[in-house]
Amino acid sequence: MKTFNIKTVGKEILTAISFLILASGCNDALELAPQSAVSPEKYLTDESHLAAYTVNYYSYSNSNKNTILLRSFDGPDGSNSGGESLYYDDIATDNATTRGSNNRFVPGLWTVGATGGDWNFKNIYAMNFYLNTVVPRFKAGGVTGNSTNIKHYIGEGYFLRAMDYFYRLRKYGDFPIIKEVLPDDQTILAEASKRRPRNEVARFILADLDSAILYMNDAPPGGKVRLTKKAALLVKSRVALFEASWEKYHAGTANVPNGTGWPGAAMDYNKNYQFPSGSAANEINYFLDQAISASAQVADAVDLVPNNGVIRTASSQAVNQYYDMFATTNPNSYAEVLMYRAYDITYQTHSYNHYAYWGGGKGYTRQYADNFLMANGLPIYAPASGYAGDNYIQDTKVNRDGRWRLFMKAPQEIKAFMNITTPEKFETAPVIYSSDGKYSTSTGYILGKGLALDYNMQLLGKDVTAFIVFRAAEAYLNYIEASYLKTGTIDAKADGYWKKLRTRAGVDPDYTKTIAATDMNKEGLVDWGAYSKGQLVDATLYNIRRERRSEFIGEGFRYNDLLRWRAMDQLNGFQIEGCKVWGPMKADFAAGKLVSDQTDEKKNTVSSQSLSLYMRPYQVVQSNNNFYNGLKFCNAHYLEPIAVQHFLITATDGKTISTSTIYQNPGWPTEAGKGAIGF
Amino acid sequence: MNVKKKFLCLLALSVCTMPTLWANGMSSTSSSAAVQQEKKGTVTGKVVDKSGESLIGVSVKVKGTTLGTITDVNGNFSLTNVAPSDVLVFSYVGMSNMEVRAENRASFAVTLENSSVNMDEVVVVGFAVQKKVNLTGSVGVATAKDLEARPVANAVQALQGLVPGLNITTSGNGGELNSKKTINVRGVGTIGAGSKGDPLILIDGMEGDINTVNPQDIESISVLKDAAASSIYGSRAPFGVVLVTTKKGKEGRMTINYNNNFRFNTPLMMPKMQNSWEFVNYFDDANFNGSNAHLFTDAYKQRVKDYFDGKLNANDVVLQASSGKWDYDYPNANVDWLKEYYKEWSPSQEHNISFSGGTNKLTYYLSSNYMTEDGFMRAGTEKYNRYTTTAKIGSQLTEKVKLDYSVRFGRTDYGRPTNMSDDFYNHILRRARPVRPVLDPNGYYMSDINYIQTMQDGGRQNEQNDGLSQQAKVTISPLKDWNVIAELNVKTDNNWTHWDQKKVFSHYANNPEQTYLALTSPSNEVVYEYAYRSTYLNPNVYTNYTKKVKKHTFTGLLGFQSEQFDQRNLSAQRNDMINLDLPVLSLTTNTTSAALVGTYDKWTTAGFFGRLNYDYDGRYLIELNNRYDGSSRFRADKRWIWTPSGSLGWNIAREAFFGGLQDYISVLKVRGSYGVLANQNTESWYPTYQTMGTGTANGGWLIGGLKPNTATAPGLVSATLTWEKVKTTNVGVDIRALKDRLTGSFDYFVRNTVDMVGPGVELPSTLGTDVPKTNNCDLQTSGWEFELGWKDNIGDFKYGARLNISDSRTKITRYGNPTGSLSTYVEGQYINNIYGYTTIGIAKTDAEMNAHLATLANGGQNALGSNWAAGDIMFEDTNADGKVNNGANTISDMGDMKKIGNSTPRFRTGITLDLAYKGFDVTMFWQGVLKRDYYPTGLVFWGATGAGQFWSTAFKDHLDYFRADENSALGQNLDSYYPRPLFNGKNQTTQTRYLQDASYMRLKNLQFGYTFRQSWLKKAKLQSVRIFVSGENLLTITKLSKTMDPETAGIGAQGGTVYPLSRTYACGLNVNF
């Protein structure tokens, strides 16, 4: 019995050994890589792979939808429904509004999130993976294809990483700088989460853009629907100006490195931070120089498209190139356009015109209307301005800055004459009495940039109007502002650029005349940008800012400018207004349309004339209305709070926030659901 | 690796395993050598059954030789050259074998008995059969008898409830004609985050789908439940094995069997819709309760009432709207849409014919089955056809070599309206408003608001699935009790799906000739074709040897198994047809809208296995298994894994001390097993590889006016990903007593799935991508199975009863949820726990509600909703903090919630009762779940839901809602079951009041049969004839809400919208020629 067992065991051992030998032989059969998917080792080895990868991220909406790298008619959530668009980013500023505003203007309402938010590295991961893979491979000669194109696509990778970092810089300021794909290791990731001072982040972005400029060209395959070298230069000037002006106006506060109460100073790794240029002031000058140099390279090379002043009402009229640049399906021939996004009725459409055609529940503000110069270069309040008043919306266009005339749509103007037998017009009585998301306007001053004047474009989901992503006029403006900040004077280049802009706008190019006529106290009533740090700025700087506000009508630059200028400290119950609805124009409205002062305020359709003759979109009803008492701001709101989850997962024990490697932005608590400290 | 290499692999295996066994075999077999030469003679005899009827075609064989014959039409046989020491073996289908020593008798009168449970009963186990009494692992068995005359579409349906621990549940959309029930063995195996916990299903040793097997071909089904039983199949079988063994030819005359059944199906437990007048009141109340605004105007309601009362013309069902279309939002018909969509009856039938028989050299079995079934959908037909053929031949080439070959072919054809897709179930109930007419006043279908035309004319989907299985096997027996077996299993599946989609149109009211695209219409005309082919190649080489030394019996098994599976698919789609009657891809015209997809995938495994059984006198039983598995799913350094297991058994009844009790109890066996298995069934076939997402012409940023190709960054893959381990402990008791009249067994098991693939623990966001899945979770499933059977007869009256009950529960023992959030798995908790509030009741008045809220000073019920009033639910402040909320929604702080139930089905039960008397037989089979909680969400249970009026429905049951108004058109109802209806979910929050008891017992099958007397049949040259009537799902006992079927509670769309299961009435006949 016993012997038999031993024999069996021996046999088993013997066969087990032979199994092992066999097993190693059979291993080959078990070596199977994915058969229908391409592994990273086999991809990004050819020019076409590179082209496919970067273009995917132009408007890629991963779970971090609010940070699409290049926004266009895509809404912030990555959808193109509801007519949301980058063009609507001026909503909830002093330029434009809906019937509501944003919680950022009611301290206490904007609260710290529990999870998520913009503390997100998905695009950064995607671009780090790309650059880490492609750059060494390219240098080793491992990428096939046309080397000019390959280099261009490599440059796009740097460009896109810079775009994402610029977004984080604006939201958070100090931010981790990550250039590599990191492993799934808690310790390494927590270490990598350490926030670098914001000027370092900005320098990193500029370095990426320098790489992009080095690699890219201005005629990539596909043309200007792809990123271009000039666009990289433009963004470089944008980032440098943003950082320079931020550091200048926020200097000494907790919002800049080494400022009073800067939370970074409490962390071991940022304590005793030394500026690479030696001082905070030197940093500002460094960024200004970068902005000046980059913007000049674009502005010198690219002309502005002309404006013939025509507001077209029929096909027989000459095309106004300045208007058409924003409203055409193919702006490729316009030199000023550095990059655009094209649409196609078969492949990709949007619905911008569908909403713009009716007002979309939005409108420019009375404060914006008052801020445009007269064609003669004078502010409206100047004694000889010739201002026609604002009893009627169309009156505000008389002898005004051409940009207001072109891009604000007044009653009875033509909505569409193309592809329609009887041209349609905007209502004589603007639908100011409704809060409908499509068929209304919040102020009466209807947003008109990008309105195609084409009936077909306004059909739901049939709009193929192109979107201008980057245009050269911004470089002109960036140069003027940066050089003035650096030198305190308008140099020859700036003088030339400014005059070109004003000439194109149909405004007297002599800006000194405007400066002389500017009354800062009057401007402070209608323009938040008249202020920095709660103080009115000088008239020259102010007129540079006004130029920017006017040129960028409807283009979504406003809120970022207000942030970097620190131009919202003074807000304390600011009431946004629309058209003068209770003036003579009230006669244009059918009976029963304008309803206010009702006991049951839910029946009100407009604000009370006892408050103002002008429409006050936030004061139609009082109950459940956070904006009824006007807009306020606080220092914490210049930067976003980081959601609590991120402190927890970078803490050593997963729960003690004080052990986290990251710190909260100034003025914000680390408790979910809580508003800025003190509110 | 290529074929050549594989072949070398196999060869090497054979070479290295054979000599060791050969040597062993040679040294241990010598006793049978010297047989004395005896005088041989001729024997004759007659074989009859118990009732004295002669048996035709009985195999009579001299044991241990190839000598044999079969009985003639009178049951007589004659056999020459028989020595007195020879043993004659009589065998016959359905009868117990009988062995008789020839002695010197010249003639025999043999009476064969019907086979019943006996000590020699064998069970198919991995790569072998084993005597049931000697089993040490946990194995459940079902036989052909259990499946007989069940009027069901496939064998899986018939298996439900038969074997304890084999859990079969309805899934997907319920009872669609092509639906497949899900199968698991002993409950949840994995959380399904990256791996599957399905059992391995083997048909005659090869992986397959039971749904496509001809149920009449099945001889037995073994369910290997514990690790010891299933471990021989290694990493493919960690969660049990279902072994289906099909019939094969037996020596004897040819038996021809024909059987059929004709069925009539009717929808089971269909909810009843409200009528139009009830509906408008119900919905209007729901809207008014929430917003103080009426959903319907008085004029509209009056029109509905007038039509309902017959005061309007029959076709005066809708008014014209200003758009020139019908005002389809406010029609006033009165239609029972469920009756409109579903037929009351649908027929089906099944025919089966088989031929089997053979000689001692050659046996054969041939069968063919045809089944056709119609669906309930009235608009647009559904059809399901199944065709199967099976052929098996076995040939004893020489005394030492046997060849077997079998081929099975199965085809299923399924056709349905294209638009009866998943989305249909989302919409059917919410859009089945009784006020909606079938036809507009001009006689056209109102396709904006009903699906009739969409079903009828919106295109067809046809699926044809072909499966061809071939198995070749050579058995070499160099010595008695030593076999070397090599087999090759090949399976090819070819599936083809076609669908086309066509637009349907509505007609204008003011200009009926003119049409427009209907709201329910597909937006494009599309033709789509999909082709799939898979091949499965499985060579097995193994050898077994049995050695008996006195009371010691040793059995050894060694083998090698390899599997290769590959699949490819191709699909193409293009819009716009030249002619709508010709939905053919080549006749589509759209040049820009086309899609092409094609993929190819493959996996392979290799495994070495060995088993050793030791049996001392049937008293002490030991089994040891080991397997060494490799899988293509893991990289070389983690590819191979050893999985050992073992089991022990002790038949106490064979101990001497058991003494005289043995007369009553023949088997009292305790057994135990433990084993580790690994799971290779990862969801991804290549889980360790990073892959790039690539897209062709799918980019949204147009380049050159076209969509560009795109590529996406790869996700991370955990560097540490490896095998999941499944560790099972099983203890059991088997008993046979009172001369086998009583049989019973009990098993208790604990199955731990460790290092289970789960979602990675959250990492700092700087990672920049999703945390990769990794082996970071554990779960434990434990439970028991109990079976008890009784079988006896009182004279000619035979009766039997069988009961089985099983239970399993799953507890999460490790999971990355440090906060204990209730929104995912929580460590230490059973899965499927239901956490909810405690209901005090429905407030009968506003005052009662206010008094209740006054007791909640710190926030009332605000966390659940606002505007609490009469008819709303009063929730209990169980933690007495002055407010009702869910705290942090974690296991340690769930506020006023508590565990109120668990939705795991518990105590699954099957009961079989059978009676037979002189040819008449009755069988009754009950199946059920004795404990299960279910918390209903969605419109099926609630009617009006928080998702708004367009995601709500109206059944008769929903009418029992709170109505305080004495003047309500539906009457006051203060003592209602439902709270006041709202288009707001606050009263539907998970709570004790509406927790459903989803337990049930269902009379799955009841049949009456009559087997004709053989004396009558002889004249017609028939062997046997049985006729029967049979019914499925005849009766259901449940406390569950009438809005749903207990078998479909929790599946389907919108809280339970499913295709109804059916109640079936059938009759048929079974003839043996």
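Visitor: Leaving aside its neighbours within four places in sequence, which residues is A:Glu243 in contact with?

Guide: A:Glu243 is in contact with A:Leu169, A:Arg198, A:Asn199, A:Ala202 and A:Phe287, where contact means heavy atoms within 4.5 Å. This is a predicted model in which local features need pLDDT of at least 70 and side-chain atom pairs count only at pLDDT 80 or more, while totals for chains, interfaces and linings use all residues. Side-chain values use heavy atoms, without hydrogens and water, residues are numbered from 1 along each chain as its sequence is written, and chains are lettered from A and ligands numbered from 1 in the order in which they are written.

Visitor: Is A:Glu243 buried or exposed?

Guide: A:Glu243 is buried, with a relative accessible area of 0%. Buried means under 20% relative accessible area, exposed over 50%, and partly exposed in between, with a 1.4 Å probe and protein chains only.

Visitor: Which helix is A:Glu243 found in?

Guide: A:Glu243 is in helix α7 of chain A. Helices are DSSP runs of H or I with at least four residues, strands are runs of E with at least two, and both are numbered from the N terminus.

Visitor: How do α6(A) and α7(A) sit relative to each other, in distance and angle?

Guide: The axes of α6 (residues 198-215) and α7 (residues 229-249) of chain A come within 9 Å and cross at roughly 165 degrees. That makes α6(A) roughly antiparallel to α7(A). Axes are lines fitted to C-alpha atoms, for helices over the stretch in contact, and angles run from 0 to 180 degrees between N-to-C directions. Angles under 35 degrees count as roughly parallel, over 145 as roughly antiparallel, 65 to 115 as roughly perpendicular, and the rest as oblique.

Visitor: Which residues in α6(A) and α7(A) meet?

Guide: On the α6(A) side they include A:Arg198, A:Asn199, A:Ala202 and A:Leu206. Among those in α7(A) are A:Val239, A:Phe242, A:Glu243 and A:Trp246. The residues of this contact between α6(A) and α7(A) divide into 13 nonpolar, 1 polar and 6 charged. Here Ala, Val, Leu, Ile, Met, Phe, Trp, Tyr, Cys and Pro count as nonpolar, Asp, Glu, Lys and Arg as charged, and the others, Gly among them, as polar.

Visitor: What about α14(A) and α17(A), at what angle do they cross?

Guide: Helix α14 (residues 492-505) and helix α17 (residues 539-551) of chain A cross at roughly 45 degrees, and their axes come within 12 Å. That makes α14(A) oblique to α17(A). A:Trp498, A:Leu501, A:Arg502 and A:Arg504 in α14(A) meet A:Thr540, A:Asn543, A:Ile544, A:Glu547 and A:Glu551 in α17(A). By class, that contact of α14(A) with α17(A) has 3 nonpolar, 2 polar and 4 charged residues.

Visitor: Switching to rings, how many aromatic pairs are there over all chains?

Guide: A search of the whole structure finds 102. Rings of Phe, Tyr and Trp (its six-membered ring) pair if their centres lie within 6.5 Å; planes under 30 degrees apart count as stacked, over 60 as edge-to-face and the rest as tilted. B:Phe77 and B:Phe90 are an edge-to-face pair, 5.5 Å centre to centre with 70 degrees between the planes. B:Phe77 lies in strand β4 (residues 76-82) of chain B and B:Phe90 in strand β5 (residues 87-91), so the pair ties together parts 13 residues apart in sequence. Both B:Phe77 and B:Phe90 are buried.

Visitor: Which residues do ring pairs link into a cluster?

Guide: B:Phe279, B:Tyr282, B:Phe283, B:Phe296, B:Tyr300, B:Tyr330, B:Tyr961 and B:Phe983. Both B:Phe279 and B:Phe296 are buried.

Visitor: Backbone next, what is phi of A:Asn419?

Guide: Phi of A:Asn419 is near 60 degrees, a positive value in a residue other than glycine. Most residues other than glycine have a negative phi. A:Asn419 lies in the loop between β5 (414-416) and β6 (424-425) of chain A and is partly exposed, with a relative accessible area of 49%.

Visitor: And B:Asp576, what is its phi?

Guide: B:Asp576 has a positive phi of about 70 degrees, although it is not a glycine. B:Asp576 is in the loop between β27 (552-575) and β28 (594-616) of chain B, and counts as partly exposed at 28% relative accessibility.

Visitor: Last one, where is B:Ser367?

Guide: B:Ser367 is in strand β19 (residues 362-374) of chain B, and counts as buried at 5% relative accessibility.
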